[in-house]
Structure formats: C-alpha cells, structure tokens
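Here is a friendly walk through one protein model and a few of its residues. Please have the sequence and the 3D view open as you read.

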Amino acid sequence: MADEPTGTNPEQNHAARLDALAIQVAGCTACPLAATRTQTVFGEGNPDAPLVIVGEGPGEQEDQTGRPFVGRAGMLLDECLLANGITRKHVYICNVLKCRACIIEGGRARNRPPAPDEMRACYPFLAEQLGILRPLVILSVGAPSAKTLIDPDIRMLQQRGQWRDGGAYCRHIMAVLHPAFILRHGGEEFQRFRQMLIDDIGSARRKVIEAKKQAQPALF
Ligand code: SF4
C-alpha cells in the first residue's frame, strides 16, 4: 500500500501502530465512561484483515475480559462467521466505543445505550484505528455503529444488507443486525434474523473476494 514505508512488513507495521493507539486509548479519560470501566476494549484480530467488523461498545463481559464480542452475542457472531467459513483469525473486530456504557442500579452496573456525547468523544480513536487497518470491507454491526459510520438516519430492519460506498473508511460498507438484538427474539423471528446475519456475512465474504480482484494491479 502506498503509505507503508519501504522495507517494512505491512502487517507488523499495522500491528505496531494499533498497539501504540491501544496504549493511548487505555489512558483516555475524555468522557465519563472512564470512571466506570474496568478496562478499555480496543479491538482484536488480524491487523491486515480485509474485513473489519465494527460493533457498538463493550458490555459487561467485554469490560471484564478486555475483548470485543464475547459472551452470548459474541458466540452468535462467531457462529454466523463460521457458517461462512470465517474465524476471528480472518477478521479484525472492534467497537465504536472503547469503554462500557453502564448505569449503576441497585448496586449493580447495567448496560445502557451510549450517549451521543460519548460516541463523539470516542470517534477519533475509531477513525484512527480504521485509518491504520484500511480494510476493503466493513460490516457495521447494530444501529449505533451504522449511525456513526453510514447514516445517522439509517433504519436497520429496512436498510441492513445494503452495500454502500465506504468513503474514507474502506471500499464497501454494510449495516448488519447486532447479535444481541437477534438474541432478544425467539422462535421463528430468531431464526429469520440469525439467517439474515449469516447471509449478510456471506455477502461480505464475496465482496472481499471481488474487491481483492479489483485491487490486483494490471501487469501491463
Ligand atoms: S469511551 Fe472512548 S472517549 Fe470515553 S473514556 Fe473511553 S476511550 Fe475515552
């Protein structure tokens, strides 16, 4: 890629730059979420992945482990990736927010939707992270992610699964249902939404293959 210094391994370069950014994020106190987090959740996976998955923010288990998409929602995401022959080694996974958004009720911290101010405060980290990763394709998981990366007025059930120009972030971007949303449904609806996520990930896999072919430099 044009911005890589010659003589370096691009993958190592991405990894080193992501590590440096993760250290900055770990010390961030730019919004009130710093006061209630156990730790920041920066992101993980293949630093040279052509496909990046961007969710909303850490929940309780992510806050405890420091890893994105663990717990039931993470297991469902893994299952839908695997249905398309994709594992976490093939992709990079992160969130818009790097700290858990929660409220304390009855002495217990409960997840809550992030406030617009918190999303705005954290956005520069995501922009820099995506600028380092430079994926071909992004899957924007859930409404807060899609409103940040695609369209503030997006309607998830109507507009998920539609490819858009990735603008500054990547070549192609698509909004997909959040596994936590899918898990809030039962029976046939659960199966229908789960299949939508599987199908959308399959579409992303094909989009990566197509974009890689287009990225091949002409020999003559
Ligand atoms: S959510 Fe983002 S901006 Fe807020 S403290 Fe955490 S890292 Fe900083």
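Let us begin with R160, which touches R155, A175, V176, L177, M196 and D200, leaving out residues up to four places away in sequence; contact here means heavy atoms within 4.5 Å. R160 sits in the loop between helix 6 (156-159) and strand 7 (163-165). Helices (H or I, at least four residues) and strands (E, at least two) are DSSP runs, numbered from the N terminus.

Before going on, a word on the basis: this is a predicted model, in which local features need pLDDT of at least 70, side-chain atom pairs count only at pLDDT 80 or more, and totals for chains, interfaces and linings use all residues. Residues are numbered from 1 along each chain as its sequence is written, and side-chain values use heavy atoms, with hydrogens and water left out.

Buried means under 20% relative accessible area, exposed over 50%, and partly exposed in between (1.4 Å probe, protein chains only).

| Residue | Relative accessibility | Class |
|---|---|---|
| R160 | 17% | buried |
| F69 | 5% | buried |
| R134 | 44% | partly exposed |
| M119 | 13% | buried |

F69, in the loop between helix 2 and helix 3, has a positive phi of about 50° although it is not a glycine. R134, in the loop between helix 4 (116-133) and strand 6 (137-141), also is not a glycine and has a positive phi, near 45°.

M119 belongs to helix 4. Leaving aside neighbours within four places in sequence, M119 contacts V96, L97, P114, P144 and T148. The C-alpha atoms of M119 and V96 are 7.1 Å apart, although 23 residues separate the two along the chain.

Now to helix 3 (residues 71-82). Its twelve residues should span 16 Å at 1.5 Å a residue, and the end C-alpha atoms are 16 Å apart, so the two values agree; the expected span is 1.5 Å times one less than the number of residues. Which residues of helix 3 are buried? They are G71, A73, G74, L76, L77, C80 and L81. Their cover includes strand 2 (51-55), helix 2 (60-65), strand 3 (92-95), helix 7 (179-183) and helix 8 (187-215).

Finally, the ligand. Around it are C28, A30, C31, A34, R37, L97, K98, C99, A121, C122 and F125, each with a heavy atom within 4 Å of it. By class, this shell has nine nonpolar, no polar and two charged residues.

Note on methods:
Ala, Val, Leu, Ile, Met, Phe, Trp, Tyr, Cys and Pro count as nonpolar, Asp, Glu, Lys and Arg as charged, and the others, Gly among them, as polar.
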